[in-house]
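Here is a short note to read alongside the structure. Keep the model open and find each residue as it comes up.

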Amino acid sequence: NDNVYIDSPNADKVKTVDIFDFSGKKIKTFDPETERNIDLSNAGSGMYFANIILKNHQSITQNLIVLE
C-alpha cells in the first residue's frame, strides 16, 4: 500500500503535513481537514520525512520508509 494514514485521537489537532525526500525537497503537502491519507505511490522507494504541523504551531517530524 502506498498510502500514509493519519489515525490518531489527536488528528483533529493537525494543521498540515509536509512530506520531504531524503535531500530535503518537499514532495507533497497534505491537508488533513480535506484528506485522511497521503498517496505516495509516485514517490519511489526510499526514506522520507513527514513534518507534522499542529494547530498550536508545534512541529513533529516522523521518518517514513517507502518500499516497492
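1. A definition comes first: helices (H or I, at least four residues) and strands (E, at least two) are DSSP runs, numbered from the N terminus. With those labels, His-57 sits in the loop between β5 and β6. Please keep in mind that this is a predicted model.

2. Is His-57 buried or exposed? His-57 counts as exposed because its relative accessibility is 63%, and the cut-off for exposed is over 50%.

3. The loop belongs to a hairpin: β5 and β6 form it, with 4 residues between them. The two strands pair in the antiparallel sense over 8 bridges. Within this pairing, Asn-51 stands opposite Thr-61 in β6.

4. β5 also pairs with β2, again in the antiparallel sense, over 7 bridges. Here Asn-51 in β5 is the bridge partner of Asp-18. Asn-51 can therefore be used to trace both pairings, since a pair of strands needs at least two bridges in DSSP: look for Asp-18 in one and Thr-61 in the other.

5. Which elements give two or more residues to the largest nonpolar core? That core has 12 residues, among them Val-14, Phe-30, Leu-40, Tyr-48, Ile-52 and Leu-64. The elements in question are β2 (14-21), β5 (46-54) and β6 (59-66). β5 provides the largest share, 4 residues. In soluble globular proteins, nonpolar side chains tend to be buried together.

6. Ile-52 is one of the core residues. Leaving out residues up to four places away in sequence, Ile-52 touches Val-14, Thr-16, Val-17, Gln-58, Ser-59, Ile-60 and Gln-62.

7. Phe-22, Met-47, Ile-65 and Leu-67 form a nonpolar patch on the surface, and together they have about 470 Å² of accessible area.

8. Ile-65 lies in strand β6 and is exposed, with a relative accessible area of 61%. Leu-67 is found in the segment after β6. Leu-67 counts as exposed because its relative accessibility is 67%.

Notes:
Residues are numbered from 1 along each chain as its sequence is written. This is a predicted model: local features need pLDDT of at least 70, side-chain atom pairs count only at pLDDT 80 or more; totals for chains, interfaces and linings use all residues. Side-chain values use heavy atoms; hydrogens and water are left out. A nonpolar core is a set of buried Ala, Val, Leu, Ile, Met, Phe, Trp, Tyr and Cys residues joined through side-chain atoms within 4.5 Å. Buried means under 20% relative accessible area, exposed over 50%, partly exposed in between (1.4 Å probe, protein chains only). Contact means heavy atoms within 4.5 Å. Patches are made of residues with over 30% relative accessible area and no salt bridge: like charges are joined within 9 Å, nonpolar side chains (Val, Leu, Ile, Met, Phe, Trp, Tyr) within 5 Å. Accessible areas come from the Shrake-Rupley method with a 1.4 Å probe; for residues, only the protein chains shown count as cover. A salt bridge is a side-chain nitrogen of Lys or Arg within 4 Å of a carboxyl oxygen of Asp or Glu.
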